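Notebook open, structure loaded. I'll jot down what I look up as I go.

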Amino acid sequence: MIRVLRYGLPLLLGTAVLAAWEFLVHHYDVPVFVLPAPSAIWTAFIENFASLMASLWTTLRITWIAFALAFVSGCAVAILFSQSRLVEMALFPYAVILQVTPVVAIAPLILIWVGFERISLALVIIAWIVAFFPILSSLTLGLRSADANLTDLFRLYGASRWQRITRLQFPGALPYLLSAMKVSGGLALIGAVVAEFAAGSGTATGLAWRIVEAGNRLEIAKMFAALGLLSALGILNFYALSALEYAFLHRWHESALQKEI
Amino acid sequence: MTIVVDLKGVTKKFANGLAAFGPLDLELHDGEFVSLVGPSGCGKSTTLRVIAGLLAPSEGGVAFPQGRPEIAFVFQEPTLMPWARVLENARLPLDLKRVPRAEANARARRALHRVGLEGFERAFPRELSGGMKMRVSIARAIAAAPRLLLMDEPFAALDELTRQALNDDLLRLWHEDGLTVIFVTHSVFESTYLSSRVVVLTPRPGRVAADIRLSPPATRDAGYRLSREFADAAGQVSQALRDAMEHAA
């Protein structure tokens, strides 16, 4: 029953909103350049299917590459931090600077440094900057939260540093890491979109650029279609990472146990 | 008797220089079951950690005249890895010592069998009761075939029946393996039931107030808790504890 409600209710609500939207647009004769009806958006989606899909692929690729880089580098630096307070003290402020500086503000600089002829690389770097920090900070905290008595036990049995990381700290930090990955996955997409907006001009070919382009031409239906795809991509990322979290934690972690009820 | 652990003038001070316990002089013999009893805060747990080498004493030292024995430690909480199955938890000491997987599995299985957990190898800790988790913790301790078993109020959080069952299991393991056990507890009855020797500590700073030898616990049976002998021994330990408290006050 709960399961039916969980999927049924949002679906029902969505359908109702779409129907009302369609009806109101026709009823009040809203101009298509202000608010197109869902049917018009669908038509625009089908008409521009090839170019939209190409753009989707571009944005998807940049998001995923940036996310993968953020994951690998975040894990590496977090493990480094957890092993040495000195390294952490030296580097952490810079990680914070990277995080707190609005990415829109650094994006133009990065675009100039990397060059417009290597636009994909520039976009990946910008998206990486945004996605990196949650992984770093959560995993650092997680690695440091290992049970004190278990840590003593590892010492008693003469565990090596590597054994302590792989058998105690990392498994214990998994809930932190997986939760950070959900945040980071969403941020990678936002970073990719912001980067494309900053890049402007015809060099970028992702969904964000489709939105800018369609907006300039007052093709509002196409704009909505691109926007819808962007949301779908974000939702897909989120649920894929949630599924990953469940797969890793459901057998032992409290957070996943409550979901079973 | 052969001395296994020799504490000489062991002292532990707080950061502010106040003495937490000591100086403590204590000789522990091979095959003894020694209980450390005392009011909370007298440094019983700290003593165990110093013996295990997990904590450095402020002064004095711990000597192992026979060489450092294989040491196992059981905490008040089961302290299991929640992400690992029961077998992997019991196997931990062997894994950390890089014992080959097949041999480690066999030894961990045997340890689980000895604490009555056969058939639970693939369970996760969260699926077990408090008593069963503590059994896994004990299985992990004996899996590496220790000579010296240090236990820090291991059964304090368990209900009375579970506690008594685990007391008897522990005595059986102690007897079968010829272990030396140092057992921290605040329960007079538990210490009396289990031990061949009860060391009573004074309140902070903890020192030895009384060192009581009891009849060897290999002779315990179900009726022992109701016997005159048990009552007398418990009375003796209880009186020593009361003396230690008053002496300090």
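How many residues of domain 1 of chain B are in contact with domain 2 of chain B? I looked this up first, keeping in mind that I have a predicted model here. Ten residues of domain 1 of chain B touch seven residues of domain 2 of chain B.

**Domains of chain B**

I checked where the bounds fall. The assignment gives domain 1 as 29-57 + 147-249 and domain 2 as 80-145. I then took the centres over C-alpha atoms and got 25 Å between the two domains of chain B. Which element gives the largest share of the domain 1 side? That is helix α5 (residues 160-177) of chain B, with five residues. Sorting the residues on that domain 1 side, I get seven nonpolar, one polar and two charged.

**Chain B as a whole**

I counted secondary structure next: chain B has seven helices and nine strands. Its radius of gyration is 18 Å, close to the 18 Å from the globule rule for 249 residues, so chain B is as compact as a globular protein of that length. Along the principal axes, the C-alpha atoms fill a box of roughly 55 × 45 × 35 Å. I also looked at burial, and 42% of the 249 residues of chain B count as buried. For contacts in chain B with a separation of 6 or more, 72% come from residues 24 or more positions apart.

**A sheet in chain B**

I traced one open sheet of three strands in chain B, in the order β2-β1-β4, with antiparallel pairing. The edges are β2 (19-29) and β4 (59-63) of chain B, each pairing on one side only. Neighbouring strands of this sheet are turned by 10 degrees against each other on average, ignoring direction. I zoomed in on β1 (residues 3-13) of chain B, which is joined to β2(B) by seven bridges, the two running antiparallel. Which residue of β2(B) stands opposite Lys12(B)? I found Phe21(B) there.

**Where chain B meets chain A**

I went on to the contact between the chains, which takes 15 residues from chain B and 15 residues from chain A. On the chain B side, β5 (71-74) and α2 (86-96) each supply at least two residues. That side divides into eleven nonpolar, one polar and three charged residues.

**Helix α2(B)**

Since this helix turned up at the contact, I gave it its own entry. Is α2(B) mostly covered or mostly open? Mostly covered: ten of its eleven residues are buried. Among them I noted Glu88(B) and Arg91(B), as well as Val86(B), Leu87(B) and Pro93(B). What do the buried residues of α2(B) pack against? I found partners in both chains: α7 (148-156) and α8 (161-199) of chain A, together with α3 (101-114) and α4 (130-143) of chain B. Just after α2(B), I stopped at Arg98(B), which takes a positive phi of about 60 degrees.

**Domains of chain A**

Last, I ran the domain check on chain A. The assignment gives domain 1 as 1-30 and domain 2 as 32-259. I get 30 Å between the centres of these two domains of chain A, taken over C-alpha atoms. Six residues of domain 1 of chain A are in contact with five of domain 2 of chain A. The domain 1 side of that contact divides into four nonpolar, one polar and one charged residue.

Definitions and conventions: Residues are numbered from 1 along each chain as its sequence is written. Chains are lettered from A and ligands numbered from 1 in the order in which they are written. This is a predicted model: local features need pLDDT of at least 70, side-chain atom pairs count only at pLDDT 80 or more; totals for chains, interfaces and linings use all residues. Two strands pair if DSSP finds at least two bridges between them. Helices (H or I, at least four residues) and strands (E, at least two) are DSSP runs, numbered from the N terminus. Axes are lines fitted to C-alpha atoms, for helices over the stretch in contact, and angles run from 0 to 180 degrees between N-to-C directions. The radius of gyration is taken over C-alpha atoms; the globule rule is 2.2 Å times the number of residues to the power 0.38. A residue is buried if 20 or more other C-beta atoms lie within 10 Å of its own, exposed if 12 or fewer, and partly exposed in between; C-beta atoms are placed from the backbone. Two residues are in contact if their C-beta atoms, placed from the backbone, lie within 7 Å. Domain bounds come from an automatic or database domain assignment. Ala, Val, Leu, Ile, Met, Phe, Trp, Tyr, Cys and Pro count as nonpolar, Asp, Glu, Lys and Arg as charged, and the others, Gly among them, as polar.
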